[in-house]
Amino acid sequence: MTGGSACDECLARSWLLGRLAAHLDVERGRIIALLDLGEEDLIRAVAGRDAAAVRAERLAFDAGAYRERCADAGLGLICRCDAGYPSALWALPAEPAVLHVAGQLPRLAALTAGEGVAIVGARRASPYALEAARSLARGLGRAGVTVISGMASGIDAAAHEGALDARGASIAVLPAASQRPYPPAARALHGRLIAAGAVVSELGPDVAVRRWMFPARNRLIAALGAMVVVVAARRRSGALLTAELAQTLERPVGAVPGQVTAPLSWGPHALIKRGAFLVTEPADVLEVLFGSDGVPVAAGPGPAPAAELQPLYEALADGHAPAEAFQQAGLDTVRGLAALAALELGGFIHRRPGGHFSIAG
């Protein structure tokens, strides 16, 4: 799990961000600009009465002890001075000094060497939006494209799950300590990401999560993705900030349309009006990245369900729970359960926790 390299100066910079975490929270409205400041300017800008104490602690910083704490937490380290540092992050005006990696460092290097797609969106999303994120990530995973997101509840988690379900690769960027799941309820997903992908943060162990870390994290997601796709976002959503950052970095932005009357559709529809790519399936993303002649070949979804199963399949694809889907398909409970079992046995749907099903697109 551990390994890699990180120089003393970069480690000190990472430590400093953790030391100033509470002060930075007060100034979170200009966090991106603050992260671009040098050490002394940053201390002067935010430390206030603690400035002298912070300077003294910085002079006494023990890089060896910091490395030991990271090793004890199972974190690998790679700094911006290392040749293996993800080159996509150099596009940022305030690139992280150090990436703290839960997972295999060589795997992170391999995943960030190719094209990755960031899929982001609302924490409280509709069944339709969650299934759209999973389906999109599954298709990209099958095509060998790394899916990047922030492991938050809702769209982020669905995107990670979709990629992993397809035996694809996924990178999670956390707001703070990458050795612990955030949110804590995502422990199982965190473990899957460490086993098959990577979990990264610019902050080291023992740093508590604060509000400024979310927009700071979003800039890393925007930079690591060769394209950012927004699935469900309300006004002033963090996902829209990620899309804005991506546009600043001249990365293409895509959006998945939703129901016109739904508040969750406001963000994607606003992006499409402003020129974002309309995304309805993985092929839309692959064409933007690779062109129509260079799209990677992914395994197809297979044959369609039998005609008698199609109404239920379509109702489930619309995001309805099984009981609602039975009603939509005109089936009573007995016939609905039989059709549900047939769809599952045929590989057209997957059973998910809580009695829900997702489309095996």
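A residue is counted as buried when its relative accessible area is under 20%, as exposed when that area is over 50%, and as partly exposed in between. The structure described here is a predicted model. By this cut-off Phe214, at 18% relative accessibility, is buried, whereas Tyr182, at 33%, is partly exposed.

These two residues form one of the 5 aromatic pairs held by the structure. A pair of aromatic rings is described by the distance of the centres and the angle of the planes. For Tyr182 and Phe214 the ring centres are 5.9 Å apart and the planes stand at 55°, so the pair is tilted. Tyr182 belongs to the loop between strand E6 (170-173) and helix H10 (187-196), and Phe214 belongs to helix H11 (residues 213-224); the pair therefore ties together parts that are 32 residues apart in sequence. Elsewhere, Trp15, Phe61 and Tyr66 are linked by ring pairs into a cluster.

A search of the whole structure for salt bridges gives 16. One of them joins Arg58 to Glu39, with the closest N and O atoms 2.8 Å apart. This pair links distant parts of the chain, since Arg58 is in helix H5 (residues 51-59) and Glu39 is in helix H4 (residues 39-46), 19 residues apart. Arg58 counts as buried because its relative accessibility is 16%.

The salt bridge of Arg219 with Glu202 has its closest N and O atoms 2.7 Å apart. Here Arg219 lies in helix H11 and Glu202 in the loop between strand E7 (198-201) and H11, 17 residues apart. Arg219 is buried, with a relative accessible area of 2%, and Glu202 is buried as well, at 7% relative accessibility. Salt bridges that share partners also build a network, made up of Glu40, Asp41, Arg44 and Arg55.

Ser201 is located in strand E7. Its relative accessible area is 0%, so Ser201 counts as buried. A polar atom of the Ser201 side chain lies 3.3 Å from the backbone oxygen of Ala176. The side chain of Ser201 also reaches the backbone nitrogen of Leu203, at 3.0 Å. When neighbours within four places in sequence are left aside, the residues in contact with Ser201 are Val98, Leu99, His100, Leu174, Pro175, Ala176, Ala177 and Ser178.

Helix H8 (residues 127-142) was examined for its length and its burial. At 1.5 Å a residue, its 16 residues should span 22 Å, and the end C-alpha atoms are 22 Å apart, which agrees. The helix is mostly covered, with 12 of its 16 residues buried. The buried residues of H8 include the alanines Ala129, Ala132, Ala133 and Ala137 and the leucines Leu130, Leu136 and Leu140. Glu131, Arg134 and Arg138, together with Gly139 and Gly141, are likewise buried. After H8 comes Gly144, whose phi is positive, near 85°.

In soluble globular proteins, nonpolar side chains tend to be buried together. The largest nonpolar core of the model has 46 residues, and those with the most contacts inside this core are Leu11, Leu20, Leu24, Leu42 and Trp212. Helix H1 (residues 8-19) provides the largest share of the core, with 6 residues. Leu20, one of the residues with the most contacts in this core, is in contact with Leu42, Ile43, Val46, Ala47 and Val54 when neighbours within four places in sequence are left aside. Another core, of 35 residues, lies apart from the largest one; among its members are Val120, Leu245, Ala246 and Ala276.

How values were computed: Residues are numbered from 1 along each chain as its sequence is written. This is a predicted model: local features need pLDDT of at least 70, side-chain atom pairs count only at pLDDT 80 or more; totals for chains, interfaces and linings use all residues. Side-chain values use heavy atoms; hydrogens and water are left out. Helices (H or I, at least four residues) and strands (E, at least two) are DSSP runs, numbered from the N terminus. The expected span of a helix is 1.5 Å times one less than its number of residues. Buried means under 20% relative accessible area, exposed over 50%, partly exposed in between (1.4 Å probe, protein chains only). Rings of Phe, Tyr and Trp (its six-membered ring) pair if their centres lie within 6.5 Å; planes under 30 degrees apart count as stacked, over 60 as edge-to-face and the rest as tilted. A salt bridge is a side-chain nitrogen of Lys or Arg within 4 Å of a carboxyl oxygen of Asp or Glu. A polar contact is a pair of N or O atoms within 3.5 Å; within protein, one must be able to donate a hydrogen and the other to accept it, and residues adjacent in sequence count only if both atoms are side-chain atoms. Contact means heavy atoms within 4.5 Å. A nonpolar core is a set of buried Ala, Val, Leu, Ile, Met, Phe, Trp, Tyr and Cys residues joined through side-chain atoms within 4.5 Å.
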